[in-house]
Amino acid sequence: MKLNWMYLAILSLVFVPVASGCGRASYMKDVAPVTGYVELDGKPVTEGYVTFTPKVTSNADPLSSGKAASGTIGSDGKFMLSTYGNNDGAIIGEHTVTFFRPDPEDDEQLVMRNRFIPGGKQVDVEILPDDNDLQIHLHRKGPAEVTRGS
């Protein structure tokens with residue numbers, strides 16, 4: 001019986017440090033929840049998606065800024081971002097937001113229905129550790145804008 005107790009004691013000394021190292025991988029940066037609403041000239045955008053790409057903060061390695069977040073724009077104009085997991089948000093810090101159409105071949109149909117997302121429109125935004133309810137205002141003419149809050 002003494003051998004079994006000794007074996008368990010040694011096993012627990014090995015297992016506890018290994019288990020405590022589990023969790024968030026070293027390459028994963030801190031994220032904060034991000035929700036939002038996209039509109040085009042005051043009307044909700046009902047299709048497409050957005051990507052939030054972290055800005056490069058280091059001259060040494062452009063990949064050091066972290067993984068981009070993305071979200072699908074729902075029929076009500078709302079989106080939630082995901083980076084590492086479902087709806088976990090975006091990396092905290094400065095981002096470039098890009099808007100994409102669901103399918104470029106559908107442009108004519110989307111324009112006729114007033115649901116066209118101008119391809120390639122970008123705007124910069126900072127993701128904060130807490131309040132990230134973003135209102136993204138697209139315009140057929142002129143730059144996009146981002147405001148916070150409902």
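## Terms and model

A residue is called buried if its relative accessible area is under 20%, exposed if it is over 50%, and partly exposed in between, with a 1.4 Å probe and protein chains only. Strands are DSSP runs of E with at least two residues, and helices are runs of H or I with at least four; both are numbered from the N terminus.

The model is predicted, so local features need pLDDT of at least 70 and side-chain atom pairs count only at pLDDT 80 or more, while totals for chains, interfaces and linings use all residues. Residues are numbered from 1 along each chain as its sequence is written, and side-chain values use heavy atoms, with hydrogens and water left out.

## Strand β10 and its partners

Strand β10 covers residues 133-138, and five of its six residues are buried, so this strand is largely enclosed by the rest of the structure. Two strands are said to pair if DSSP finds at least two bridges between them. Strand β2 (residues 35-40) pairs with β10 in the parallel sense, over six bridges. Within this pairing, Tyr37 has Gln135 of β10 as its bridge partner.

Strand β11 (residues 145-148) runs antiparallel to β10, and four bridges join them. Here Leu134 has Arg148 of β11 as its bridge partner. β10 and β11 form a hairpin with six residues between them. In the turn, Gly142 has a positive phi of about 100°.

## The open sheet

Four strands form an open sheet with antiparallel pairing, in the order β5-β4-β8-β9. β5 (69-72) and β9 are the edge strands, each pairing on one side only. On average, neighbouring strands of this sheet are turned by 25° against each other, direction ignored. For such angles, axes are lines fitted to C-alpha atoms (for helices over the stretch in contact), and values run from 0 to 180 degrees between N-to-C directions.

Four bridges connect β4 and β5 in the antiparallel sense. Phe52 stands opposite Ala69 in β5.

## The largest nonpolar core

A nonpolar core is a set of buried Ala, Val, Leu, Ile, Met, Phe, Trp, Tyr and Cys residues joined through side-chain atoms within 4.5 Å. The largest one here has 21 residues, of which Val50 and Phe52 touch the most other members. At least two residues of this core come from each of β2, β4, β8, β9 (122-127) and β10.

Contact means heavy atoms within 4.5 Å. Leaving aside residues up to four places away in sequence, Val50 touches residues including Val38, Ala69, Ile73, Phe79, Leu81, Val97 and Phe99.

## Aromatic pairs

Rings of Phe, Tyr and Trp (its six-membered ring) pair if their centres lie within 6.5 Å; planes under 30 degrees apart are stacked, those over 60 are edge-to-face, and the rest are tilted. This rule gives two aromatic pairs. In one, the ring centres of Tyr49 and Phe100 are 5.1 Å apart and the planes are at 20°, so the pair is stacked. Tyr49 lies in strand β4 (residues 49-54) and Phe100 in strand β8 (residues 93-100), so the pair ties together parts 51 residues apart in sequence. Tyr49 is partly exposed, at a relative accessible area of 35%, and Phe100 is partly exposed, at 30%.

The rings of Phe52 and Phe79 have centres 6.1 Å apart and planes at 45°, so this pair is tilted. Phe52 belongs to strand β4 and Phe79 to strand β6 (residues 78-80), so the pair links parts that are 27 residues apart in sequence. Phe52 is buried, with a relative accessible area of 0%; Phe79 is buried, at 3%.

## Positive phi in loops

Asp41 is not a glycine, although its phi is positive at about 50°. Asp41 sits in the loop between β2 and β3 (43-44) and is partly exposed, at 41% relative accessibility.

Asn87 also is not a glycine and has a positive phi, of about 60°. The loop between β6 and β7 (90-91) holds Asn87, which is partly exposed at 35% relative accessibility.
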